[in-house]
Amino acid sequence: MKIVAITSCATGIAHTYMAAEAIKKVCKQMGYECKVEMQGALGIENKLKDKDISEADLIIFANDVGIAKEERFEAYRDKIKKLTPHAVIKDPNIIFED
């Protein structure tokens, strides 16, 4: 399974990066391929390529604020799961729940 995620929080510091690490860790444990774009105080880091987005089986938005360049995901709305960074940090397995 291929998973991509975008993390961002109100201040763009702690929760953005903590959520990214939690997602990467749980995906590694499950044996899933994972790429995470972080939108924080430093701007967009590890920007997802169009190919990464189109090939993803699951797209995670772990954000408290709007996502920059969200139009990249318009064609893949059915693959998107929206969560808060706090929820992902608290229980990363939530990304796999219905």
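## Aromatic pairs and strands in a predicted model

Phenylalanine 96 is partly exposed, with 25% relative accessible area; buried here means under 20%, exposed over 50% and partly exposed in between, with a 1.4 Å probe and protein chains only. This is a predicted model, where local features need pLDDT of at least 70 and side-chain atom pairs count only at pLDDT 80 or more, while totals for chains, interfaces and linings use all residues. Residues are numbered from 1 along each chain as its sequence is written, and side-chain values use heavy atoms, leaving out hydrogens and water.

**The aromatic pairs**

What does phenylalanine 96 pair with? First, the rule: rings of Phe, Tyr and Trp (its six-membered ring) pair if their centres lie within 6.5 Å, and planes under 30 degrees apart count as stacked, over 60 as edge-to-face and the rest as tilted. By that rule there are two aromatic pairs. Phenylalanine 96 goes with tyrosine 32: their ring centres are 5.5 Å apart and their planes sit at 65°, so the pair is edge-to-face. Helices (H or I, at least four residues) and strands (E, at least two) are DSSP runs, numbered from the N terminus. Tyrosine 32 is partly exposed too, at 26% relative accessibility.

The other pair is phenylalanine 61 with phenylalanine 73, with centres 5.2 Å apart and planes at 85°, so this pair is edge-to-face as well. Phenylalanine 61 belongs to strand 4 and phenylalanine 73 to the loop between strand 4 and strand 5 (80-83), 12 residues apart.

| Pair | Distance of centres | Angle of planes |
|---|---|---|
| Tyrosine 32 and phenylalanine 96 | 5.5 Å | 65° |
| Phenylalanine 61 and phenylalanine 73 | 5.2 Å | 85° |

**The overall build**

Stepping back, the protein has three helices and five strands. From the N terminus on, they run β-α-β-β-α-β-β-α. The radius of gyration is 12 Å, close to the 13 Å that the globule rule gives for 98 residues, so the protein is as compact as a globular protein of that length. That radius is taken over C-alpha atoms, and the globule rule is 2.2 Å times the number of residues to the power 0.38. Along the principal axes, the C-alpha atoms fill a box of roughly 30 × 30 × 20 Å. Buried residues account for 41% of the 98.

**Strand 1 and its partners**

Is strand 1 enclosed or open? Six of the seven residues of strand 1 (residues 2-8) are buried, so the strand is largely enclosed by the rest of the structure. Strand 1 pairs with strand 2 (residues 33-40) in the parallel sense over six bridges; two strands pair if DSSP finds at least two bridges between them. Alanine 5 stands opposite valine 36 in strand 2, and lysine 2 stands opposite glutamate 33 in strand 2. Strand 4 (residues 58-63) also pairs with strand 1, in the parallel sense over six bridges, with threonine 7 opposite alanine 62.

Strand 2 has another neighbour: strand 3 pairs with strand 2 in the antiparallel sense over three bridges. A hairpin joins the two through two residues, and glycine 40 has glycine 43 in strand 3 as its bridge partner.

Lysine 24 is in helix 1 and is partly exposed, at 32% relative accessible area. Not counting residues up to four places away in sequence, lysine 24 touches Cys34 and Val36, where a contact means heavy atoms within 4.5 Å. Lysine 24 and lysine 35 are 11 residues apart in sequence and 7.5 Å apart in space, C-alpha to C-alpha.

Most residues other than glycine have a negative phi. Asparagine 46 has a positive one, near 55°, in the loop between strand 3 (43-45) and helix 2 (50-55). Lysine 69 has a positive phi of about 60° although it is not a glycine. Lysine 69 is in the loop between strand 4 and strand 5 and is partly exposed, at 43% relative accessibility.
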